Amino acid sequence: MTSLAELGLRAQGGAEAQITGLAVDSREVKPGYLFAALPGAQVHGAEFIQYALRMQAAAILTDAEGAQIANAELDASDAALIIAQDPRQALAQTASLWSGAHPGTVVAVTGTNGKTSVATFCRQIWEEMGIAGVNLGTTGVEGAWTHPLKHTTPEPITLHRVMAEATQNGITHVAMEASSHGLDQRRLDGVLLAAAGFSNFTQDHLDYHETFEAYFDAKMGLFKRVLPDDGVAVINLDDPKGAEVADICTARGQEVIGVGRSAGARLRLTGQRFDATGQNLLFTWQDRPYQVRLDLIGGFQADNVLLAAGLIIAAGGDPAQVFDTLPHLGTVHGRMELAATRENGAAVFVDYAHTPGAVETALQAMRPHVMGRIIVIVGAGGDRDAGKRPLMGAAAAQNADIVIVTDDNPRSEDPGSIRAAVMAGAVDADGSNSITEVGDRAEAILRGIDMLAPGDALLIAGKGHETGQVVGDSVLPFDDVEQASVAVAALEGRI
């Protein structure tokens, strides 16, 4: 048991309590628990305080509105009441103290695209350097210790528990993905960062944030609030928002390592040559030149790799040793992953590109590696930012030779209406007859692979590492990489 004072909390009237656990779900409350009643998009968590008290919660953490909502129940209870101006932040800091020690070196990266790749490359670099590290995010916890996660940035009780368990399992270094939802909801608060990175900023999640300004401000919480003043910010200066992010960090007194092709970048990409299986990079670190080979498809992978290298250096890694590891980096699952190759040499790639900017970047990055046509399979998710659907179609049509529009995760929406929005954007942008609609995703993949001639390549965009397709309330088994392999085998008579 731990007292409120030991958790950094002060209750109304100076009340004290011995805490046996933390919960944000009233159904998980046990005797002696602290229940966090947080404001939500649909309902305030204070509506469930009465149930937490029935389960003998010892303390309630909420805001002034929550205390007012549950005023009668709280007055009739002996539970300690903590009213915080920002209860989400208070919970995150409490969860950090409750869970125990975190790994000694933690870095985080935010941005619309590239977070999983950057975090995974960080972990791979540490592995090559003989360091016990993990990456934490969309694909769970991967590396020297593994653990499943439901969200890119878990809610704070889970996040800090997982960080403590990582420490107990010998993990010393962690690279985290910092989602805009997680930052907006203060899930990362209480994590002590050595460095934080910014990859890029394009349209996504406007169903949640509503405006570009709110979306950008949520991401900036990583630098304005979570990264300490003595932390190091690693910024992609090639992104239109890069200079603004750098200014935000400089104003806080944080050291900035600029990455990219810009003249002001300390880690500067000066040359890039592509071939069928990868690319060669020429770059400088503080004006000293280096050349490395990457067995990775896509020019944007160079941006991700150098951002990861910058984060490792910012967290104390020796630059020369870091750069020596880069030729050994492997493809991240579902990120420009080579899923299958036809007998005629045509390649099939799977990528998580699920925003207009990501689709455009992925297709443009493939072009230097492909001698023939690029075919793309694209869709859009239901119950998410509807405004990006025609933009997804436009990005596909403007950068590929053949477009097949199919279902992604329709969720509760009508799949046909989602496809229609994507199709409209594709037709408006292109107007040719190289755009087709195939609702069934497996059939779309089969058709796309059947079209491949020597020198061609197919990009299956949108779902990446995911192993299920969300239709209504059901999650149906579906893996783009697996479907691509099966389709190639079927077309070539191997099954």
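Q: Two strands pair if DSSP finds at least two bridges between them. With that in mind, how many bridges join strand 14 to strand 15?
A: This is a predicted model, in which residues are numbered from 1 along each chain as its sequence is written. Local features need pLDDT of at least 70, side-chain atom pairs count only at pLDDT 80 or more, totals for chains, interfaces and linings use all residues, and side-chain values use heavy atoms, with hydrogens and water left out. Helices (H or I, at least four residues) and strands (E, at least two) are DSSP runs, numbered from the N terminus. Strand 14 and strand 15 (residues 278-285) run antiparallel, and the number of bridges joining them is 8.

Q: How many residues does the hairpin from strand 14 to strand 15 pass through?
A: Look at the place where D275 has G278 of strand 15 as its bridge partner. Strand 14 is joined to strand 15 by a hairpin, and the number of residues it passes through is 2.

Q: On its other pairing, with strand 13, does strand 14 run parallel or antiparallel?
A: Strand 13 covers residues 255-260 and strand 14 covers residues 267-275. G260 faces R268 of strand 14 across this pairing. The two strands are joined by 2 bridges, and their direction is parallel.

Q: Which residue in strand 4 stands opposite G21?
A: Strand 3 and strand 4 (residues 33-36) run parallel, with 3 bridges joining them. Within this pairing, the residue of strand 4 that faces G21 is Y33.

Q: Turning to the helices, how far apart are the axes of helix 4 and helix 6?
A: Two packed helices are described by the angle between their axes and the distance between the axes. Helix 4 (residues 87-99) and helix 6 (residues 156-168) pack at an angle of about 30 degrees. Angles under 35 degrees count as roughly parallel, over 145 as roughly antiparallel, 65 to 115 as roughly perpendicular and the rest as oblique, so helix 4 is roughly parallel to helix 6. The distance between their axes is 8 Å.

Q: Is the crossing of helix 4 and helix 6 left-handed or right-handed?
A: A crossing is left-handed if the near helix is turned anticlockwise from the far one by less than a right angle, and right-handed if clockwise. For helix 4 and helix 6, the crossing is right-handed.

Q: How are helix 14 and helix 15 placed towards each other: oblique or roughly parallel?
A: The axes of helix 14 (residues 389-399) and helix 15 (residues 415-430) come within 6 Å. Helix 14 passes helix 15 in a right-handed crossing. Their axes cross at roughly 45 degrees, and therefore the arrangement of helix 14 and helix 15 is oblique.

Definitions and conventions:
Axes are lines fitted to C-alpha atoms, for helices over the stretch in contact, and angles run from 0 to 180 degrees between N-to-C directions.
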